[in-house]
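Please keep the sequence and the model in view while reading the points below.

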Amino acid sequence: MRGIGPVEPPDGALDGIGPVEPPDGALDGIGPVEPAAGALGGIGPAEPAAGAIGIGIGPVEPGEGTWDAFEAPVVPRPARLAHGRLAELYGRHRRAVLGGVTAFVLLVGGGYLYATRPEPPEPPPPPYPSQVTDMHYLSSEVTPAGAPDRSFSFGVELTVLAGPPVTVTRISQPYQGLSVKSTPAAPFRTEAGTSRKVVVTMHVTQCRKVPWNAGLPFLDVTLRNTRAIEVHSFILGERYAQQLSEALQVACSNGFR
């Protein structure tokens, strides 16, 4: 300009133009520029923003839910049916398998119950023959034909009350001067719950060895069953004692010796 003194442009102004303020962040090679927060540029260190991924710029702490690029997350696989073909076969034959298992359980349970069942008590042993055998006097009997002289007979009834059958193996009496035979002849068997008539024939062999007046005479009878063998003496009562004394007197009347 002419006629006017020199004009000093203000600091930073371009020629003929007023000063221009560069916008924030503009680069014009004039003076240092502070990079914006998070900017990358080769100028000084830069602090990465929170959660940013940077390469070559210091260590970065992984945030929640992040993982290494080279380490894939483990995704659980859906469960598969165990044993493959076996599970398929089970699915096809399930009803038959369950039926077989049920039958097996019932069989094992039944076997266990049978094995652990309480044992039945052992049956009691049979009674002794003398405990279930009874004999009582009937009356005098006709002496069988062919019997020797000085013989006489009388009848008794033998009864077995219970238990196994009883066998009479021998009939005898305590006096030495008498011998005894029976009809039926011993041994003979009698079932439980039944009675049998037995005719006893006595023969006097020595009159001096028989009692003149028998007090309580008895018969010795040998009894046998599955429990035991016993000799039991049956006292036949007063009528037997009286008739025995009379028969002995008659048999030895011609000479009691």
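T133 is buried, because its relative accessible area is 6% (buried means under 20% relative accessible area, exposed over 50%, and partly exposed in between, with a 1.4 Å probe and protein chains only). The model is a predicted one, in which local features need pLDDT of at least 70, side-chain atom pairs count only at pLDDT 80 or more, and totals for chains, interfaces and linings use all residues. Residues are numbered from 1 along each chain as its sequence is written, and side-chain values use heavy atoms, with hydrogens and water left out.

**Surroundings of T133**

- T133 belongs to strand 1; helices (H or I, at least four residues) and strands (E, at least two) are DSSP runs, numbered from the N terminus.
- At 2.7 Å, the backbone oxygen of P129 is reached by the side chain of T133; a polar contact is a pair of N or O atoms within 3.5 Å, where within protein one must be able to donate a hydrogen and the other to accept it, and residues adjacent in sequence count only if both atoms are side-chain atoms.
- Apart from neighbours within four places in sequence, T133 is in contact with L158, T159, V160, V166, L223 and F234 (contact means heavy atoms within 4.5 Å).

- N225 sits in the loop between strand 7 (218-224) and strand 8 (229-235).
- Is N225 buried or exposed? N225 is buried, because its relative accessible area is 10%.
- A polar atom of the N225 side chain lies 2.9 Å from the backbone oxygen of P127.
- Not counting residues up to four places away in sequence, N225 touches P127, Y128, P129, P164, P165 and V166.

**Aromatic rings**

- How many aromatic pairs does a search of the whole structure find? The search finds three; rings of Phe, Tyr and Trp (its six-membered ring) pair if their centres lie within 6.5 Å, and planes under 30 degrees apart count as stacked, over 60 as edge-to-face and the rest as tilted.
- The ring centres of Y137 and Y240 are 5.5 Å apart and their planes stand at 55 degrees, so this pair is tilted.
- Because Y137 lies in strand 1 (residues 133-141) and Y240 in helix 4 (residues 238-251), the pair ties together parts that are 103 residues apart in sequence.
- Y137 and Y240 are both buried.
- Y137, F154 and Y240 are linked into a cluster by ring pairs.
- The face of Y128 has R227 lying over it, at 4.1 Å from the ring centre; a charge sits over a ring if NZ of Lys or CZ of Arg is within 6 Å of the ring centre and within 35 degrees of the ring normal.

**Salt bridges**

- The structure holds two salt bridges (a salt bridge is a side-chain nitrogen of Lys or Arg within 4 Å of a carboxyl oxygen of Asp or Glu).
- One of them joins the side chains of E141 and K197, at 3.1 Å from N to O.
- E141 lies in strand 1 and K197 in strand 6 (residues 194-204), so this pair ties together parts that are 56 residues apart in sequence.
- E141 is partly exposed, with a relative accessible area of 25%, and K197 also counts as partly exposed, at 45% relative accessibility.
- R189 and E191 form a salt bridge through their side chains, at 3.6 Å from N to O.
- R189 is partly exposed, with a relative accessible area of 49%, and E191 is partly exposed, with a relative accessible area of 40%.

**The loop holding Y175**

- Y175 is found in the loop between strand 3 (166-172) and strand 4 (178-183).
- Y175 is partly exposed, because its relative accessible area is 22%.
- Leaving aside neighbours within four places in sequence, Y175 is in contact with K209, P211, A214 and P217.
- Y175 and Q206 are 31 residues apart along the chain, and their C-alpha atoms are separated by 10.0 Å.

**Backbone geometry**

- Most residues other than glycine have a negative phi, and most peptide bonds are trans.
- T183 and P184 are joined by a cis peptide bond, with omega about 5 degrees, and P184 lies in the loop between strand 4 and strand 5 (188-190).
- The peptide bond from A186 to P187 is cis, with omega near 5 degrees, and P187 is placed in the loop between strand 4 and strand 5.
- R150, a residue other than glycine, has a positive phi near 55 degrees.
- R150 lies in the loop between strand 1 and strand 2 (151-160) and is partly exposed, with a relative accessible area of 39%.
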